[in-house]
Amino acid sequence: MKESNFLPDISTHDYFCKFLLFFLLSQTEKYYSMLKEERQKYILDQVHLHHRVLLNDLSDSLNVSIDTVRRDVKELDSEKKLKKVHGGATSFGFMTFTKDDGNIYLKSKKISIAEKTVSLLSDGQVILMSGGTTNMEVAKLIPKKLDLTVFTPSLHVAMALLDHENVEVIFLGGKLLHEAKFAVGGTVVNALAQLRVDMCILGTGYLDAQFGLTEFDWEVIQVKQAMIRAAKKTVILTVSDKLHSVQKYKTCDMTAVHTLVTELDPSDPMLDAFRSFELVLV
């Protein structure tokens, strides 16, 4: 009887198995590398958009463990792409931006918002301004001949406004947050209780039609709520990227807002959820 030709060649079989194992491992490594790359891009986008993010929020959004997020943040910190802080991360611009900073995230959108906001100002007004990169753009674009009195708890905004000789700048001092350079605490809140200004211009962290303006820093919220109470009308500035986002603590409902300024055309469908409120879309 002839010997069967169907017996496997052991050496060929081993080679094929090794090749298959190597291929699967390389694809798995490539897959997880891609996941990591996508995670880190998301983290950076969130940090640049909101200036500061919490590890718990990132973990929930990405549906991964907080240890995984912590490792990603640590790696991005070592690459100088963000700053790792207790419980989260901040953008470098959040801590160090200046009026001439050309590395502002979504800068063209923020300039568009600032241009619209400046058109709402008029001679002799007394206004309140919060902090943030969009308000910094507003401060830069205020016409040199415009007479204003501006109260602000933001050290960054106060310094930027000093370039305008016709703007009287009153810094609302208190406990200064190291990263945001924003004053908080009872001293600021009590000072705001003595004011009744024409307009409050607020930057946003998170904005949603149903949940209103929200933040994750309780001390900042106390100051922003006092700013709203101190103003005849409140103007909210936000890039469209922050629309329909929510955080843990509420600053105010949309019913407390008089004007919403975005870079969008007021007829844009992204703003449809806000049309049921009695506010002006700019």
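Two strands count as paired here if DSSP finds at least two bridges between them. The model on screen is predicted.

Select residues 206-208, 212-215 and 249-252, which are strands β10, β11 and β13. Together the three strands form an open, antiparallel sheet in the order β10-β11-β13. β10 and β13 are its edge strands, each pairing on one side only. On average, neighbouring strands are turned by 35° against each other, direction ignored.

Next, zoom in on β11 and β13, which run antiparallel and are joined by three bridges.

**Helix α5.** Move to residues 107-118. The 12 residues of α5 should span 16 Å at 1.5 Å a residue, and the end C-alpha atoms are 16 Å apart, which agrees. Colour K110, I113, A114, T117 and V118, the buried residues of this helix. Looking down the axis of α5, you will see them fall within an arc of 130°, so they line one face of the helix. To see what covers these residues, show α6 (133-141), β9 (199-203), β12 (234-237) and β14 (259-261), which are included in the cover.

**T68.** Finish at helix α3, residues 66-78, where T68 lies. Is T68 buried or exposed? Its relative accessible area is 14%, under the 20% cut-off, so T68 is buried. Show side chains here: a polar contact of 2.9 Å joins those of T68 and S65.

How values were computed: Residues are numbered from 1 along each chain as its sequence is written. This is a predicted model: local features need pLDDT of at least 70, side-chain atom pairs count only at pLDDT 80 or more; totals for chains, interfaces and linings use all residues. Side-chain values use heavy atoms; hydrogens and water are left out. Helices (H or I, at least four residues) and strands (E, at least two) are DSSP runs, numbered from the N terminus. Axes are lines fitted to C-alpha atoms, for helices over the stretch in contact, and angles run from 0 to 180 degrees between N-to-C directions. Buried means under 20% relative accessible area, exposed over 50%, partly exposed in between (1.4 Å probe, protein chains only). A polar contact is a pair of N or O atoms within 3.5 Å; within protein, one must be able to donate a hydrogen and the other to accept it, and residues adjacent in sequence count only if both atoms are side-chain atoms. The expected span of a helix is 1.5 Å times one less than its number of residues. The arc is that of the directions from the helix axis to the C-beta atoms. Contact means heavy atoms within 4.5 Å.
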